[in-house]
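Hello,

Here is the structure we discussed, handed over for your use. My notes on what was found follow below it.

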Amino acid sequence: MTKQIDHAAVAHFAGRLAYETDVSDVAADIGAGVQGWVLIDSRSQESWDQGHVPAAVHLPTREIAARAASVVPEGAAVVTYCWGPGCNGATRAALEFAKLGYPVKEMIGGYEYWVREGLPVETADGIERREADPLTAPRGIACAC
């Protein structure tokens, strides 16, 4: 039996990977010092103050059109995040950047999964790490996906 390639499925999943990234990949790029992109936290000031990814730049969605050029260096790509998978704020922020012509991806899982994976969080008190949730970052084994 010859398998048929589902070209629509290939296009769908390739499209998702072109416009989405996850917290592990973002953390790996930050750790490796990858240049040429900016991580944007699109939440409110109050949310930002509760905690954010240390390498992120705070730019609420409602301010993107007015401030993007002063925040994102010429030629840089953008990765957006908001609260988490139950929130479409990162999608809305990514749409604003796309309308301005920026190459952009959404960090799926958002801040929630950043915290749940035990990655560093910055608050007014400094940088802290919370214990990883074993359902999102199993201990002692690698996802290897």
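**Sheet pairing**

The bridge partner of Thr80 in strand E5 is Glu106; helices (H or I, at least four residues) and strands (E, at least two) are DSSP runs, numbered from the N terminus. The model is predicted, so local features need pLDDT of at least 70 and side-chain atom pairs count only at pLDDT 80 or more, while totals for chains, interfaces and linings use all residues. Residues are numbered from 1 along each chain as its sequence is written, and side-chain values use heavy atoms, with hydrogens and water left out.

E4 and strand E5 (residues 104–108) run parallel and are joined by 3 bridges. Two strands are said to pair if DSSP finds at least two bridges between them. Between E4 and E5 the chain passes through helix H5 (residues 89–99), and this β-α-β crossover is right-handed; that is, with the strands pointing away from the viewer, the path from the first strand over the helix to the second runs clockwise.

E4 also pairs with strand E2 (residues 37–41), in the parallel sense over 5 bridges. There, Leu39 has Val79 of E4 as its bridge partner. The open sheet has 5 strands in the order E1-E5-E4-E2-E3, with parallel pairing. Strand E1 (20–22) and strand E3 (57–58) stand at the edges with a single partner strand each, so one side of each has no neighbour in the sheet.

**Burial and cores**

Strand E4 (residues 77–81) has 4 of its 5 residues buried, so it is largely enclosed by the rest of the structure. Buried means under 20% relative accessible area, exposed over 50%, and partly exposed in between (1.4 Å probe, protein chains only).

The largest nonpolar core has 15 residues, and Val26, Leu39, Tyr81, Met107 and Trp114 have the most contacts inside it. Such a core is a set of buried Ala, Val, Leu, Ile, Met, Phe, Trp, Tyr and Cys residues joined through side-chain atoms within 4.5 Å. At least two residues of this core come from each of helix H2 (23–32), E2, E4 and helix H6 (110–116). H6 gives the most, with 3 residues. A second, separate core of 14 residues includes Val38, Ile64, Val78 and Tyr102.

**Lys105**

Lys105 lies in strand E5 and counts as partly exposed, at 30% relative accessibility. Leaving aside neighbours within four places in sequence, Lys105 is in contact with residues including Leu17, Tyr19, Thr21 and Val79. The C-alpha atoms of Lys105 and Ala90 are separated by 9.1 Å, the two residues being 15 apart along the chain.

**Cysteines**

A search of the whole structure finds 0 disulfides, a disulfide being a pair of cysteine sulfur atoms within 2.5 Å. Cys82 is in none, and the nearest cysteine sulfur, that of Cys87, is 3.4 Å away. Cys82 is buried, with a relative accessible area of 8%, whereas Cys87 is partly exposed at 27%.

Regards

Terms used: Contact = heavy atoms within 4.5 Å.
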